[in-house]
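Please open the structure in the viewer and follow the selections below in order. The tour visits a cavity, a residue in its lining, and then a sheet.

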Amino acid sequence: MSKLKSTIAVALSILLSFALVTPSMAARVYNADTNTWEEPAVVAQRGHGRSAIPREEVAYDGTYAPGSIIVETAERRLYFVLGDGRALRYGIGVGRDGFTWSGTHRVSRKAEWPGWTPPAQMRKRVPDLPAYMPGGPDNPLGARAMYIGSTLYRLHGTSEPWSIGQAVSSGCIRLTNEDVIDLYDRVKVGALVVVHH
């Protein structure tokens, strides 16, 4: 009889463990940097703090018109041209190896707390990605997005300030949510975007 009670107790323990684990798995958060799902507590620990690269106004001797966005991938910096030899410099995260690019485009659209439709190529690499994620604090696009021409790339926010200054994305240019809101308020649709690799 005691053997039967032990077996029942073990079975109940296993069922209880499974019941406790399953909801936390359902609440996992997608990490676009690693193309994996993570527990919310892991993301929350990394997400605290600000970028180690402060936004600042700097001297700028480029020949681009005020309102232009210049991305210097190797520097991990984005310059918003103010004119009169000045620019705002932001720290950015850029594409990891195999996902870097360069080119000249225009901002084609802007969105606040954008929803995210992972591209087909990304869903092929990470089959359990949803077809669509609504906008919000857990969305990989962060607080704002500026779409770059007809490309798949965006200038967008992130709630993971530790990733700024790193080559971590699938090609998008990311800023902290605080910085992307500041940039978003300055940029107009149609603004020139130049990405140097």
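Begin with the cavity search, which gives 1 cavity of 30 Å³ or more. A cavity here is a set of points, on a 1 Å grid over the protein atoms alone, where a 1.4 Å probe fits but cannot get out, and lining residues have an atom within 4 Å of a point. Grid points are joined across faces, edges and corners, and a volume is the space filled by probe spheres set on the points. The model is predicted: local features need pLDDT of at least 70 and side-chain atom pairs count only at pLDDT 80 or more, while totals for chains, interfaces and linings use all residues. Residues are numbered from 1 along each chain as its sequence is written, and side-chain values use heavy atoms, with hydrogens and water left out.

Select T73, V94, G95, T100, W101, G171, I173 and V195, the lining of the largest cavity. The lining comprises 4 nonpolar, 4 polar and no charged residues (Ala, Val, Leu, Ile, Met, Phe, Trp, Tyr, Cys and Pro count as nonpolar, Asp, Glu, Lys and Arg as charged, and the others, Gly among them, as polar).

Next, centre on G95, which lies in strand β7 (residues 94-95). Strands (E, at least two residues) and helices (H or I, at least four) are DSSP runs, numbered from the N terminus. Is G95 buried or exposed? G95 counts as buried because its relative accessibility is 5%, where buried means under 20% relative accessible area, exposed over 50% and partly exposed in between (1.4 Å probe, protein chains only). Not counting residues up to four places away in sequence, G95 touches T100, A167, V168, S169, G171 and C172 (contact means heavy atoms within 4.5 Å). The C-alpha atoms of G95 and S169 are separated by 4.4 Å, although the two residues are 74 apart along the chain.

Now display the open sheet of 9 strands, ordered β3-β6-β5-β4-β13-β8-β9-β10-β12 with mixed pairing; two strands pair if DSSP finds at least two bridges between them. Its edge strands, β3 (56-59) and β12 (173-176), each pair on one side only.

Zoom in on β5 (residues 77-83) and β6 (residues 86-91), which run antiparallel and are joined by 6 bridges. Here V81 stands opposite A87, and F80 has L88 as its bridge partner.

Terms used. 1 Å grid on protein atoms, 1.4 Å probe; cavity = no way out; pocket = protein on both sides within 12 Å on 5 of 7 lines; lining within 4 Å.
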